[in-house]
Amino acid sequence: MSVQVLTDSGVSSAAKSETIFCGSPDEEDKMTNTTYFSEEGPLDSSDEYDTDLDLPLHARSPPPETPEKDKLDVICRKVYRRACSRQTPVTTYPQRRIEDGLAERTMHLKYRTLGCDAVRPLSVALTNNLRVERLDLQYADMKAEGVKDLAMALSDNITVSYLNLGNNDIGTDGTKWIAYLLLKNKLIKHLNLEGNKLTDNAAPHLAMVLEHNTSLNILDLSHNEFCDNGPKLLAAALGLNTGLETFRISWNHVRGKGAVAMCQSLKYNETLKLFDVSMNGFGYEGSVAMAEALKVNTTLRELDMSSNRITWRGALIISRGLKDNVGLEILRLGKNPLSTTGCMDITEAITYPDSKVKFLDLTGVSIIAENEVLADAVRMRKEFRFLHGGIVSTPDKFGERIARKKSHMEVLMEYMRKTCIRPMEIIRDYDKSVNFKVAQDNFVDRLVRANVPLHKFEMRQLARAITENERSENKDKIDYVKLVESVTEQILEDRIRIKSEKRKIRKTKQHHKRILASGLPQVLYDRGNGTDSKQRTSRTSGSSSVSAIDFSQLDLGTMSYTSLPIVPDVSKNIQSLESSLIFAPKKTVNTPAPKPKAISMCADLGDQGKKKKKKKSKSIRKKKSKSKTHVETWISKSN
């Protein structure tokens with residue numbers, strides 16, 4: 001479509017007119033940009049309204065000339081326009097927002113929906129741009145192709161340190177190019193990959209980056225689709241990382257073994273300060289692993305485990321880890337079914353003198369008044385903030401722990417152990433006839449005088465319980481035999497109860513060991529050499545091309561970066577990869593052959609004349625011959 005411009009006289013003039021091509025003839029619905037000329041100079045019609053599309057290259061006014069000393073193009077606007085004009089197969093129009101952003105420290109292109117075609121000339125301009133330090137391309141519809149062009153351009157960039165690629169649907173293919181970029185560019189500090197539909201297939205590439213890259217400080221993987229195997233590889237690399245300070249993996253499907261591995265990585269990482277795993281399914285397994293990690297970790301400052309299905313059982317276990325932690329300052333456990341009992345356990349753990357928690361977030365969880373009083377006691381000792389979901393008058397029934405009520409005989413037994421009194425001494429003072437019998441009233445009076453910690457009606461119930469199984473008619477008296485039998489029965493009941501409690505504790509410990517064994521393997525760091533799993537001497541040493549996580553194959557498409565570490569083939573099952581990595585060859589122990597028994601020369605030979613002669617089978621003969629030869633060899637060795 002062509003537009004012919006007329007002068008004031010209404011006559012067409014070749015000197016004062018210009019034909020402008022704004023698009024193909026078939027695209028009549030596109031916006032047409034025209035330039036009107038007057039005596040004062042060219043007037044741009046776009047000044048009257050804002051538009052995303054700028055003028056074609058030949059219709060725009062030339063940029064002001066710069067001195068020769070400033071001819072170095074640090075903004076790369078000309079490069080961007082030239083790349084737009086050379087774009088094939090369809091020419092891309094330059095956008096004013098991009099041109100203006102090339103001269104700013106922060107380029108905001110959020111919600112622009114650029115697509116792959118518009119990202120390509122932008123990438124060309126960013127290659128040698130020296131102004132842009134923060135690049136926001138969230139919701140830009142880049143896909144994997146756009147990430148490829150951007151990664152190739154930013155691999156040589158020396159200014160960009162903040163990169164936001166959230167919600168661009170880059171997938172696994174785009175993650176390969178992200179790995180390529182971060183392994184070549186050592187200046188990027190902040191990377192946001194939230195909402196990119198990343199699955200477990202993308203985890204090996206990110207794990208490779210976490211293992212070798214030491215410049216990245218903040219990594220956001222929220223709102224993705226990591227499940228079980230992917231978080232295990234990420235956790236293994238996170239334990240080896242030496243530069244990351246903030247790691248977010250909220251709003252995923254991390255649970256079970258993946259949650260255990262994520263928590264166990266904190267036992268080995270020494271640089272992480274913020275760990276966000278909210279909106280996942282850590283549950284009881286994650287609570288067990290987190291408690292063990294908090295006992296060891298001293299560098300973590302903020303932990304967010306909100307909305308992770310942690311119940312009062314998990315809260316009790318986490319509180320045991322908090323009692324030994326000396327570094328955590330901010331703890332978020334809101335929107336979990338902790339119950340009032342779990343909240344009380346967490347708050348009690350913070351009251352310990354070594355605890356440095358300054359902010360406790362229990363949003364959406366109700367507490368009792370005693371919990372608020374306990375928080376006030378913490379505020380008197382240090383600066384402390386406490387958020388909760390309100391105070392209730394009665395505690396929750398779920399998770400309520402009621403102390404076992406002791407029987408009357410059990411209280412009497414404890415008193416006898418403390419005072420070192422035998423059962424006979426209890427009734428001896430009232431046994432005047434020395435027949436080892438005493439009335440129930442006298443027995444109660446003896447207990448009252450001895451200050452036994454029981455009420456008088458409880459003492460009468462105890463006296464009736466001692467004589468209730470007696471068949472004789474005289475049940476109003478207690479003799480020594482009845483008392484001893486009652487004491488013996490109580491001792492047996494205590495032994496059975498203690499054994500059952502120990503059995504439950506032992507089963508719980510075994511269950512916790514199985515949970516911890518299903519997560520991050522400790523053999524990963526010592527690599528089967530028998531060294532301590534907490535030693536990190538071999539992490540930072542060595543070249544970047546050698547991977548501690550033994551990835552097997554390389555599948556990077558057209559990438560040609562020579563020092564790129566090995567990346568596993570995503571088509572293979574990750575579990576088979578981990579099995580070859582985790583399980584080291586078993587050590588064979590050479591056990592010496594058992595020595596034969598000494599032959600006694602004084603053994604009784606018996607009556608040889610009475611032996612029955614039977615035919616021996618071939619197997620018995622072979623065994624006998626073998627035993628003889630074995631004895632003979634042993635005798636020869638001893639000589």
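Start at glycine 327: setting aside neighbours within four places in sequence, glycine 327 is in contact with Thr298, Leu300 and Arg301. This is a predicted model, so please hear every value as computed. Glycine 327 sits in the loop between H10 and E11. Is glycine 327 buried or exposed? Glycine 327 has a relative accessible area of 3%, and because the cut-off for buried is under 20%, glycine 327 counts as buried. Glutamate 302 is 25 residues away from glycine 327 in sequence, and the C-alpha to C-alpha distance between the two is 9.2 Å.

H10 covers residues 312-324, which is 13 residues. From first C-alpha to last, H10 reaches 19 Å, close to the 18 Å expected at 1.5 Å a residue. Which residues of H10 are buried? They are Trp312, Gly314, Ala315, Ile317, Ile318, Ser319, Gly321 and Leu322. On helices in general, an α-helix has 3.6 residues a turn, so residues three or four places apart point the same way.

Serine 287 is part of helix H9. The relative accessible area of serine 287 is 0%, so serine 287 is buried. Not counting residues up to four places away in sequence, serine 287 touches Ile310, Gly314, Ile317 and Ile318. Of these, Gly314, Ile317 and Ile318 are among the buried residues of H10.

Now the nonpolar cores. The largest has 103 residues, and Leu137, Leu221, Phe247 and Phe275 have the most contacts inside it. Helix H5, residues 171-184, gives the largest share of this core, with 7 residues. Apart from this core lies another of 23 residues, including Val438, Val444, Val452 and Leu483. Back to leucine 137: beyond four places in sequence, leucine 137 touches Leu109, Leu114, Leu122, Met142, Leu150, Asn164, Leu165, Gly166 and Asn168.

Last, the chain as a whole. The protein chain has 21 helices and 17 strands. Of its 639 residues, 43% count as buried. The accessible surface is about 36800 Å², with 52% belonging to carbon and sulfur atoms. Among contacts between residues at least 6 apart in sequence, 76% join residues at least 24 apart.

Note on methods
Residues are numbered from 1 along each chain as its sequence is written. This is a predicted model: local features need pLDDT of at least 70, side-chain atom pairs count only at pLDDT 80 or more; totals for chains, interfaces and linings use all residues. Side-chain values use heavy atoms; hydrogens and water are left out. Helices (H or I, at least four residues) and strands (E, at least two) are DSSP runs, numbered from the N terminus. Buried means under 20% relative accessible area, exposed over 50%, partly exposed in between (1.4 Å probe, protein chains only). Contact means heavy atoms within 4.5 Å. Accessible areas come from the Shrake-Rupley method with a 1.4 Å probe; for residues, only the protein chains shown count as cover. The expected span of a helix is 1.5 Å times one less than its number of residues. A nonpolar core is a set of buried Ala, Val, Leu, Ile, Met, Phe, Trp, Tyr and Cys residues joined through side-chain atoms within 4.5 Å.
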